[in-house]
Structures are given as C-alpha cells and as structure tokens.
Amino acid sequence: MIDKFPFLLHGGDYNPDQWRHIPGTLDQDFRLFPLAGINSVSVGIFSWAAIEPEEGRYDFGWLDEVMDRCAAAGMAVVLATPSGAKPNWMAQKYPEIRRQNPHGWCTEPVQELQCGRHNHCLTSPIYRAKVAEMDRRLAERYGKHPALALWHISNEFNGECQCPHCMQAFRDWLRAKYKTLDAMNHAWWTGFWSHAFSDWSQIVTIDSTIEGLRLDWLRFESEATASFLKNEADALKSVAPEVPVTTNFMGFFEGLDYNRLAEHVDITCWDCYPAYHDRPDQEVSAAGISLAHDLCRSFKMRPFLLMESSPGPTNWMKTNRLLRPGLHRLKSLQAVAHGSDSVQYFQIRKGRGGAEKFHGAVIDHVGDESPRMFREVAQVGRDLKALQGVCGSKTPAEVAIVHDWENRWAIRNSQGPSEVAKDVIGTGLVPNYLPYWKRGVAVDVVSPANAFNSADYKVVIAPLCYLVQDGFAEKAEAFVRDGGTFVGTFLSGVVDKNMLVYPGGFPGPFRKLFGIWAEETDYLYPDERNEAAFAADNALGLSGKCELKDICEVVHLKGAEALGVYGRDFYAGSPTATLNRFGKGQAIYIAAHGGRDWYDALHGAIISRLGLRRALDGDLPNGVTAALRVADDGTAYTFVENFANEPREVDLGAAPRTDLLSGAALSGKIQLSPYGVLALRG
Ligand code: GLA
C-alpha cells in the first residue's frame, strides 16, 4: 500500500509524450479513465527525448499538464525515470555510454550503435551522471506534486555490457573479492585446460568454459545493476526522501538476482503476461504465475504491485490469442489474491506507430469505450473498488520454497548434466509448488538467506539445490532439529558457492540431514519411464505407484527410511524418496523426477499430516485454487479462482460469507463459472 494513496491502484503505462500533438487525445483519455475505473497512470517511461530533446534543453510542459490533470482527477501517478533508453543525441555525443555486447563465444564484444532500448552501459560514469541529473530535476519539479505516488526507476533492467569500463569494474570487483590471483585461480579451477590467469588484466568474460568466471560475472552484473538502481534512488531521495521508489521486475527472469535489486526499492513490483488459452497445461501455467506473484511479494514480505499486464493479447508471443471473456478479470484478481495491491497495464492507449502499436491496451485504436476489452477492464475497475479492504493485507504462509538465482546460474552454466535439470523453475519449483497451490496452501518464495527467518514456517522446500550457499545446510539442520520439515530433491548438494564439487559423496553438506548417499544419477530419454512403488508401512502412509521420468538418482540409505522404491532397471528396489527423522523434525529427499501424481502424493501427505492451513477446507476440483489474505484487523479475504473453461463445484463450507465481487452471501456447495472468481470476506 502507498501511504499517500491507500487504495488498490488500477491503471498503467501512459505515453502522452508520443501523441501530445494529436489534438483532443488527452481530453478523450481523461473522459474514459473514470468509465474504466482507472485511478492511476505510469508516466515518463522511455521519455528522455521528450523531456530533454537536446542536451540541456528541457521540456516539462507536457508532463506538467498530465500531472496536473491527474491531480485534478484525484488520480495517482507512478512517475518513471527515463533511463531505460537513452536519446540519440546522447549516444552520438558520448559513445562510451553505448552498450557493448558479446558477439559470440571467444570473440571480442562489439559496440552497439543506437538502437532498441536498454541500450546503455550501466557502469559508464557519464551515463550515471546524466541519469542522476535527470532524476534530480524530476524530483525537484514533481517531488511534492499532489499526484505523485511512486517513482518507477528505469524499466525492466536487463542485458549485459562488456565495454572497457565494465571489464575494469569487473576486474576490480574480483580483486576485492579474491585478494590474490591464486585464490581466484583455485576457485575457478583454472588449472584445467591451462586457463590459469597470471595477471588481472587477462580476465575477459568470453570464455564460458571457465564456469566459475561466468558465475562471478553474473554476480557482478547483478551488483552493477543494483548499484545503477541505487544511484537513481539516491538522486531521487536526495531531493524527495519521502516518495517511495520501485523498479519493475520480470518474475523469475534469469539474468539478474532480484534479491540484490530489491534491497534498493521500497516496494517491489513486476510485469506479468500470462497466456491462458485453454491449453492442456493451463493449470500448470496458472500455478507458475501464482508462484511468480508469491516471489514478488516475498522479497519484502508485504504487498507488491502488479505494474504491467495486458488488457488484451500482446504482440510478442508466438501466438497472440484473444483473451476469452472473463480471463482478464481472473488473471487480474489472481495477482490481488497473491498479494498485489494493484492491477496495472501495459498500456493505456495503443499508439499509431512504433513497435508496440498492436499490443493490447485499455484504449484501442477506435479511441472510445466501445471495445469488449474496455468493458472487461471496467469490470476489473469495479471489482477493485469493491475490494478496497484488501489493500495492505498480508499473506500468512506456513510453507517456504527456496529459490536462488546463483543456484540457477550454476546449473545453467555447468557443462551437463541434462537440459531438464537446468530448468530449476520448471523441473524444481513448479512441480513442488503445485500440490500446495491445488490445496490453497500459501507459500512464500524465499532466498537461502531468508529461508528459515520466519517462525511460522512448518515446511521449507529447497528443490534442486545444486549449489549450496555457505551455512545453508547448517541452518536447515537447525530448523529440522527444532521440529521443521525440510524437503529436498535430486541433484542437491553438488557444488559449493564457487561451483567446486563437494568431495565425500552427495548430497554434500546435506548428507547427515537426509541420511542418504546419492551415488549416481540416471538421465532418461524423453520417451522413457520408470516407476515408484510406495514402500509398505512407509512413514507418510502412502500406497500405490507413480510414474517417474527424466531424472532418477540412485540413493543408498544411511539412516533414512525409504518411502518408495524404483520398479525398473538395474536400480529397481533402491529408494525413490526417503524420510529421515532428525531431532524433532524430518528431512524428506525426493530422489527422482516424476509426473504430477508423484509430487502430489508426497506433498499431499505432508500437508495433511502437518495439518497445514488452507484457504478453504476440503479438496478443490481440478483447475481451481484458493488464496488467503488477512488484514491487520484480522479480516480474512479468501479468493477462489477457476482456471478451467468449465463450471466447477466448490464447497465453501457451512458459514455464509459475502462475495465482495457480487455482493451475494455464499455457503456450501456452489457452481463456480468458467474462469469464475470469488472474493469472500470473513
Ligand atoms: C514489458 C515492457 C513494456 C512493454 C511490454 C509489452 O513489460 O516493460 O515497455 O514492452 O513489455 O508486453
């Protein structure tokens, strides 16, 4: 929640700088805003050339007009700094600020001419000075403006620059980190293939066979981006310290460790473009999007903002289908259900030209309120008004799932072991999250550093924890000793933070906790299957068989008990999953990858045995999930969402509760319409 505007925001990217010369457009937009329930706009993104058309000549007139009109209309403005794309005059006058990209493996980076966006160097002192100057001017002019709600720093940071400035900064960073070349050479294992560095100046980033170098480069890039972001935040706050700042993330985008960036913003937000189009994997896609919302909320353990979404089809997916009626409302309220205090769009108005003229917008080319999507947006506007009490409410989670960018980089940049294993989100996080999503159990998505911080967590899941951060295994042991349940999977405890393999047997530092030795791993061809047969009288009370695929680890019991065993191949009879009683708690190891029933059986048993809190009692039908938010005064809001294009019967329990969206008092078994959503209070 933004203190100055304590309501759910509904609006989005607004680009008046691009059409201010078309008479009547602004008047038309401000006529349409109340009809769509739009109460906020994000202005100024990519507007550098409009604000400073030539060096030192500023034109704030158009922005003044928009800010003043928003203030008069009682609207909130999310005001962006324009640093996401530099103007032509700047690229021409200061060539050093242009980004240099790798041209290919083992080739020198090449300098970009001016094109696209995100086209600048993040370490360039000149660009940083220009950006800080621009930001101070914006803060001086608008810092106290009644419409200003929030600074939106730059836009979707991404991309790498390998110019001489960046290389020198990287070498300085390495020298500060390792102190000596010997220490660095050891960490990177450079004796292999004669890669040892004898001088810091030899270090370049074009050799991906030095895996530790690549990992450090990605760490450095995240820190450089975080420091660029901080440079902007400091400039804004030096003039307007009371105005909060944010920057828009892209969910699980692999290129940047958002934990580093989140340290420098007051509110986290992200841009979310789900493609729900009745595909066979709709439920998995929906769970994946909920997981990304949970990630954004968990950075600060407080409500986040949905900064962009599309009111209609995008123009960049392989297939840009129309949103079926009702889907826009469902995906918008899905974000609110998982902790968003806003539904914002890219974009408010479609342009007549440029790269995104065919991307969905609140106001289509026809220019008025007649399109179907405008009505769907207006419906969300009414919904958000009815949900005002939700603003600022929290998500109470007893389960945490661990997500670590460095772990993803480590396995992505390792030669092998298999493509499936490299997809930590698809192979690790989503399958282990889905059983909780299907039962309406709230999950926080935490970094290894924060995994055990909450006293409320009863379960911590660390899927595919290939790289183990210092101290993480010890913290996991303490958590389990105190009564917690820790769940790990295949390919855990393989390398340390330098990507050096743990000697002494896998899962490395987790061996004692899991009470196993993972001897070797079988990677199956896509059409091959194995099976897990649950062991008689196993500790989770499971029975029957489940199909296994892709990754089968051969594990030996060293204190743990088997929950199930392989049914086929030379390792038939060895454990597929194990449970180790440790202190007052238990550590569960899932040794093989499987289909949905495999994960559902294991986690379903954990949920019911530990009696974890669910948003709704009882089982939910396929395609339906439920999520809970609780306000500071204890009021509970339960969202029930149907991602199936068919009606679903849901049992809401005996006590009647008000559905804030329809006003109806509901209880017992109800029919939830296709893509239907409820928001129950009480
Ligand atoms: C991103 C960007 C926007 C726009 C949209 C299109 O989220 O931030 O500027 O390009 O994608 O979907």
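**Exercise 1. Two cis peptide bonds**

Determine where Pro507 is placed in this predicted model, and state which residue the cis peptide bond joins to Pro507.

*Solution.* Step 1: Pro507 lies in the loop that runs between strand 15 (485-489) and helix 17 (511-514). Step 2: the cis peptide bond joins Phe506 and Pro507, with omega at about 5°. Step 3: a cis peptide bond also joins Phe346 and Gln347, where omega is about 20°. Gln347 belongs to the loop between strand 11 (342-345) and helix 12 (372-386).

**Exercise 2. The surroundings of the ligand**

Identify which residues surround the ligand, and state how many of the shell residues are nonpolar, polar and charged.

*Solution.* Step 1: the residues around the ligand are Phe46, Arg117, Asn155, Glu156, Asp271, Tyr273, Glu308, Trp316, Phe346, Glu356 and His359. One of them, Phe346, is also joined to Gln347 by a cis peptide bond. Step 2: sorted by class, the shell consists of four nonpolar, two polar and five charged residues.

Step 1: consider the distances from a ligand oxygen atom to side-chain N or O atoms. For Arg117 the distance is 2.9 Å. For Glu308 the distance is 2.3 Å, and for His359 the distance is 2.6 Å. Step 4: the ligand taken alone exposes 310 Å², of which the protein buries 95%.

**Exercise 3. Parallel pairing around strand 6**

Describe which strands pair with strand 6, and decide whether the residues of strand 6 are buried or exposed.

*Solution.* Step 1: strand 3 (residues 76-80) pairs with strand 6 in the parallel sense over four bridges. Val77 has Leu148 in strand 6 as its bridge partner. Step 2: strand 6 also pairs in the parallel sense with strand 7 (residues 245-246), over two bridges. Here His152 stands opposite Thr246 of strand 7. Step 3: five of the five residues of strand 6 (residues 148-152) are buried, so strand 6 is largely enclosed by the rest of the structure.

**Exercise 4. Positive phi values**

Decide whether Lys179 and Leu464 are buried or exposed, and state where each is placed.

*Solution.* Step 1: Lys179 has phi near 65°, a positive value in a residue other than glycine. Lys179 sits in the loop between helix 6 (164-178) and helix 7 (181-188). Since its relative accessible area is 61%, and exposed means over 50%, Lys179 is exposed.

Step 1: Leu464 likewise has a positive phi, near 45°, and is not glycine. Leu464 is found in the loop between strand 14 (459-462) and helix 16 (472-481). Its relative accessible area is 0%, so Leu464 is buried.

**Exercise 5. The span of helix 10**

State what distance helix 10 reaches from its first C-alpha to its last, and explain why helix 10 is described as largely enclosed.

*Solution.* Step 1: helix 10 (residues 282-298) has 17 residues and reaches 24 Å, close to the 24 Å expected at 1.5 Å a residue. Step 2: 14 of the 17 residues are buried, so helix 10 is largely enclosed by the rest of the structure.

Definitions and conventions: Residues are numbered from 1 along each chain as its sequence is written. This is a predicted model: local features need pLDDT of at least 70, side-chain atom pairs count only at pLDDT 80 or more; totals for chains, interfaces and linings use all residues. Side-chain values use heavy atoms; hydrogens and water are left out. The expected span of a helix is 1.5 Å times one less than its number of residues. Buried means under 20% relative accessible area, exposed over 50%, partly exposed in between (1.4 Å probe, protein chains only). Two strands pair if DSSP finds at least two bridges between them. A residue is near a molecule or strand if one of its heavy atoms lies within 4 Å of it. A polar contact is a pair of N or O atoms within 3.5 Å; within protein, one must be able to donate a hydrogen and the other to accept it, and residues adjacent in sequence count only if both atoms are side-chain atoms. Accessible areas come from the Shrake-Rupley method with a 1.4 Å probe; for residues, only the protein chains shown count as cover. Ala, Val, Leu, Ile, Met, Phe, Trp, Tyr, Cys and Pro count as nonpolar, Asp, Glu, Lys and Arg as charged, and the others, Gly among them, as polar.
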